[in-house]
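Q: Here's the next model on my list, so let's talk it through. Start wherever you like.

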Amino acid sequence: MNKQQRQNIANAFLTPFSWLYGTGVWCRNAAFNTGILKETSYDVPIVSVGNITVGGTGKTPHVEYIIEGLLANYPQYHIGVLSRGYKRLTHGFVMARDTLTPRDIGDEPYQIYHKFLGHIALAVCESRRKGIEEMLKIDPAINLFLLDDAFQHRYVKPKVNIVLCDYNRMPYNDRLLPLGTLREPMYRMVKQADFVVVTKCPNDIKPIDIKLIKEKLGLFPSTELFFSNVNYGNPVPVFPRANVKLDNLSWMSSDDFILGLTGIANQRPFVKYLRQFQAGVRVMHYDDHHDYTREDFKDITRVYSQHKGRRKFIVTTEKDAVRILNNAYFPPEMRDYIYYIPIRVGFLNYEDREFIPELVRRIQA
């Protein structure tokens, strides 16, 4: 039996479950659309940043891009960021503060909070409504909310819905769970998204590709379409006291070695980035939001020690760095050799429009 035959059998088995899942999603959305389930609106404008697929589309870098753009150019906004805090060990509402760790609020909220320390308010809560109301009690000056991964959480009605789509997994080429990775049918994005951002685009994307994507998405004229890409920065020490300097991966030669370490939803772009340099690369991949254990670090140290290289480093992602920095099991003797690659979102120059001003225009409309 070849690969295609096995895939056909798997598809036939999963199709009824995909239909059942789709029926459940349709019923839930219909309940909201008809008012059986209530959406709550607030006087403070709310911007939702989400997606319709399982896996990473770059929500955290885009939330950071929005925060940075608003802080730099629209200082009248006091921003409150609200997240569910995926895989945290706490429950209920938790307001971020300096003494908390990723286990208390989740790795991505921790990363955002410390990147903009003192400039934003941030909290985590399973209930978006409770989270908004509690944050306003604690900090009444908040006049703009950013909700992370909230497109499916319809109990709160946002002023602006931003939906991210991965260029490498466009929704029109995908299917509903479990056949594919879609959490929602594409028509809901078409109907209810105010902005659609196609993320992780290649730098050399052609105008004909943009035109084709626009046609296949079939968005309403009122929906803003943008295209973004990921820009990798120079390595940064995970532990600030690192003595061994790795200033640029391009300085490494074929005699050097990189152990890539990832615990993210989609590691392929990061791995592809590491492999474009001359150094030898091996990658150890863990599940998204993985909480590294003592045994994990023993395995990582063993693999690192087995590989020869004139210079050797562990290179990880920014999200993994947050968890490693706050993990007591990481071997002290390895702290000088582990770096992370920061990422920044860039928007492609498409139709001479800028994302942040267009977003503010929608917020103020």
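**Helix packing and buried spots**

A: α4 and α10 are roughly perpendicular to each other; angles of 65 to 115 degrees get that label, while under 35 is roughly parallel, over 145 roughly antiparallel and the rest oblique. Before we go on, this is a predicted model, where local features need pLDDT of at least 70, side-chain atom pairs count only at pLDDT 80 or more, and totals for chains, interfaces and linings use all residues. Residues are numbered from 1 along each chain as its sequence is written, and side-chain values use heavy atoms, with hydrogens and water left out.

Q: Okay, at what angle do the axes of α4 and α10 cross?

A: Roughly 90°, with the axes of α4 (residues 107-115) and α10 (residues 318-325) coming within 9 Å. Those axes are lines fitted to C-alpha atoms, for helices over the stretch in contact, and the angles run from 0 to 180 degrees between N-to-C directions. The helix names come from DSSP runs numbered from the N terminus: H or I of at least four residues for helices, E of at least two for strands.

Q: Which residues make the contact?

A: From α4 you have Asp107, Glu108, Tyr110, Gln111 and Lys115, and from α10 Glu318, Lys319, Val322 and Arg323. Contact here means heavy atoms within 4.5 Å. By class, the α4 and α10 contact residues come out as 6 charged, 2 nonpolar and 1 polar. For those classes, Ala, Val, Leu, Ile, Met, Phe, Trp, Tyr, Cys and Pro are nonpolar, Asp, Glu, Lys and Arg are charged, and the others, Gly among them, are polar.

Q: What does Tyr110 touch?

A: Beyond residues up to four places away in sequence, Tyr110 touches Leu100, Thr101, Pro102, Ile105, Val322 and Asn326. Tyr110 counts as buried at 10% relative accessibility, where buried means under 20% relative accessible area, exposed over 50%, and partly exposed in between (1.4 Å probe, protein chains only).

Q: How many residues of α10 are buried?

A: 7 of the 8, so α10 is largely enclosed by the rest of the structure. The buried ones are Glu318, Lys319, Asp320, Ala321, Val322, Arg323 and Ile324.

Q: Let's pick on Asp320, then. What does its side chain reach at 2.9 Å?

A: The backbone nitrogen of Gly263. The side chain of Asp320 also has a polar contact with that of Tyr292, at 2.8 Å. A polar contact is a pair of N or O atoms within 3.5 Å; within protein, one must be able to donate a hydrogen and the other to accept it, and residues adjacent in sequence count only if both atoms are side-chain atoms. Asp320 itself has a relative accessible area of 0%. Leaving out residues up to four places away in sequence, Asp320 touches Leu261, Thr262, Gly263, Ile264 and Tyr292.

Q: Which residue other than glycine has a positive phi near 55°?

A: That's Asp149, in the loop between β5 (144-148) and β6. Lys200 isn't a glycine either and has a positive phi of about 60°; it lies in the loop between β7 and α7. Asp149 is buried at 16% relative accessibility, and Lys200 is buried at 19%.

Q: Where's the cis peptide bond?

A: Between Leu177 and Pro178, with omega about -5°. Pro178 is in the loop between β6 (160-166) and α6.

Q: Last one: how do α2 and α11 cross?

A: At roughly 80°, with the axes of α2 (residues 59-73) and α11 (residues 355-364) coming within 10 Å. That makes α2 roughly perpendicular to α11. Tyr65, Ile66, Gly69 and Leu70 of α2 meet Phe355, Ile356, Leu359 and Val360 of α11. The α2 and α11 contact has 7 nonpolar residues, 1 polar and no charged ones.
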